[in-house]
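Subject: Structure handover

Hello,

Please find the structure below, with notes on what was found in it. Keep it open while you read.

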Amino acid sequence: MFSQKSMFEDATKAFRKGVELVGGHEAVLTALTFAFAGERDRAREALEQLEVQAETEYVPPLYFALVYSFIGEKDQAFRWLEEADQEGADYVRFLKVEPWFNGLRSDPRFEDFLKLMHLKP
């Protein structure tokens, strides 16, 4: 994974392609780009734009969870993961192996969430 190798430009391009394939949300790309670069305040500003966008169109909770995870705001990341689970999002079953969420693995709530999903920690 590009982000694990600190290849953030490549990671952003790959994520951009994925977002385009599912309908596109430019604000999440902006937020992730800032998060990758360590610009937490700018990432939060982009998240605010994404929240405004979510008022008028569907934005997958995973997008919020990803950015919050990258900027180290675990409470918010878990809140959005729980929302994704409540809406029945299929992708949460990959949480156990998805490297984008490595920043959450050390938190005891991560194992609790896996158990809730009937996934072995």
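In which helix is the place of Arg44? Arg44 is in helix α3. Helices here are DSSP runs of H or I with at least four residues, strands are runs of E with at least two, and both are numbered from the N terminus.

Before going further, note that this is a predicted model, in which local features need pLDDT of at least 70 and side-chain atom pairs count only at pLDDT 80 or more, while totals for chains, interfaces and linings use all residues. Residues are numbered from 1 along each chain as its sequence is written, and side-chain values use heavy atoms, with hydrogens and water left out.

Overall picture

Of its 121 residues, 40% count as buried. Buried means under 20% relative accessible area, exposed means over 50%, and partly exposed lies in between (1.4 Å probe, protein chains only). 52% of the contacts between residues at least 6 apart in sequence join residues at least 24 apart. Contact means heavy atoms within 4.5 Å.

Arg44

Arg44 has 27% relative accessibility and therefore counts as partly exposed. Leaving aside neighbours within four places in sequence, Arg44 is in contact with Ile71 and Glu73. Arg44 and Ile71 are 27 residues apart in sequence, and their C-alpha atoms are 8.6 Å apart in space.

Helices α2 and α3

Helix α2 covers residues 26-36 and helix α3 covers residues 40-54. They pack at an angle of about 165°, with their axes 8 Å apart. Axes are lines fitted to C-alpha atoms, for helices over the stretch in contact, and angles run from 0 to 180 degrees between N-to-C directions. The two helices α2 and α3 are therefore roughly antiparallel. Angles over 145 degrees count as roughly antiparallel, under 35 as roughly parallel, 65 to 115 as roughly perpendicular, and the rest as oblique. On the side of α2, the contact is made by Ala27, Val28, Thr30, Ala31, Phe34 and Ala35. Among the residues that α3 gives are Arg42, Leu47 and Leu50. The contact of α2 with α3 divides into nine nonpolar, three polar and one charged residue. Ala, Val, Leu, Ile, Met, Phe, Trp, Tyr, Cys and Pro count as nonpolar, Asp, Glu, Lys and Arg as charged, and the others, Gly among them, as polar.

Helices α5 and α6

α5 and α6 pack at an angle of about 5°, with axes 11 Å apart. That makes α5 roughly parallel to α6. The contact of α5 with α6 has five nonpolar, no polar and five charged residues. Asp107 is in the loop between α5 and α6. Asp107 counts as buried because its relative accessibility is 12%.

The core

Which residues touch the most other members of the largest nonpolar core? Of its 36 residues, they are Leu47, Leu50, Val67, Leu81 and Phe101. A nonpolar core is a set of buried Ala, Val, Leu, Ile, Met, Phe, Trp, Tyr and Cys residues joined through side-chain atoms within 4.5 Å. The largest share of this core, eight residues, comes from α2. Setting aside residues up to four places away in sequence, Leu81 touches Ala65, Val92, Leu95, Phe101, Leu104 and Phe113.

Regards
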